[in-house]
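Student: Could you take a close look at the aromatic residues in the interior of this model and describe what surrounds them? I would like the cut-offs stated along the way.

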Amino acid sequence: MSFYEAMHEVLLTRRYDFLMGRRVDIRQRFWELIERIFDWLFDNVDFSMPSGTGGNTELIATIFSVVAVIIVAVALFVLVRAWLRSRVPYEHTLEDIFEEMRTHTVAELLQLSQDTSDIRTAVRYKYIAAILSLNERDIIEIKPSATNAIILRQIRTAAPALSAPFSQIAHAFHLAWFGHKNLSVSDLEGLNAAVSEVIPRA
């Protein structure tokens, strides 16, 4: 693997740091921020209002308005970040696996997935085998610059029934390969079932 390829994988892996607990959950940071704001308010602002007067009502209203704006802004950030994160598996190109698709057959890739004891590598081989099988059957046309989003559009046009199982395979590959996430037994069973649907007699 070249230095460029290694750096490319590292950058992609960073997107999945949340799966490994290496990055603090953004929701945790959000609630910690809100807690600090309210702690500051209760420590520094006098909320008591003398009877018969307006007291510091305007100040309190202003502070709570600012807090509300912060809450809405952070909530929108969390939603947008989650949406972008959900798109990651579909934006990665096939460039780093294209050579393997040119030098292996579907049967070889499936055999390699069975021979390895590393689940992460096995999932990678099954993912590549699925793409190669779809290409060989003229359901998709693959290029190094293609992404899973492009592949899914082709599948929906040529073989709509295969779009759901392929999406499951792609998602498992990205979680295992780039996210270093340990797939559960049920995840692996679902992956194998999806591979059997995408690859005839797999």
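Tutor: Buried here means under 20% relative accessible area, exposed over 50%, and partly exposed in between, with a 1.4 Å probe and protein chains only. By that criterion both Y127 and F173 are buried. The model is a predicted one, in which local features need pLDDT of at least 70 and side-chain atom pairs count only at pLDDT 80 or more, while totals for chains, interfaces and linings use all residues. Residues are numbered from 1 along each chain as its sequence is written, and side-chain values use heavy atoms, with hydrogens and water left out.

Rings of Phe, Tyr and Trp (for Trp, the six-membered ring) are paired if their centres lie within 6.5 Å, and planes under 30 degrees apart count as stacked, over 60 as edge-to-face and the rest as tilted. A search of the whole structure with this rule finds two aromatic pairs. In one of them, the rings of Y127 and F166 have centres 6.4 Å apart and planes at 25°, so the pair is stacked. This pair links distant parts of the chain, since Y127 belongs to helix α7 and F166 to helix α9, 39 residues apart; helices are DSSP runs (H or I, at least four residues) and strands likewise (E, at least two), numbered from the N terminus. Y127 has a relative accessibility of 1% and therefore counts as buried, and F166, at 0%, counts as buried too. In the other pair, the ring centres of Y127 and F173 are 4.0 Å apart and the planes lie at 5°, so this pair is also stacked. It again links distant parts of the chain, with Y127 in helix α7 and F173 in helix α9, 46 residues apart.

The surroundings can be described through the nonpolar core, a set of buried Ala, Val, Leu, Ile, Met, Phe, Trp, Tyr and Cys residues joined through side-chain atoms within 4.5 Å. The largest such core has 40 residues, and Y127 and F166 are among those with the most contacts inside it, together with L94, M101 and I131. The elements that give two or more residues to this core are α5 (98-103), α6, α7, α8 (148-158), α9 (163-178) and α10. Taking contact to mean heavy atoms within 4.5 Å, and leaving aside neighbours within four places in sequence, M101 is in contact with L94, I128, I131, L132 and I142.
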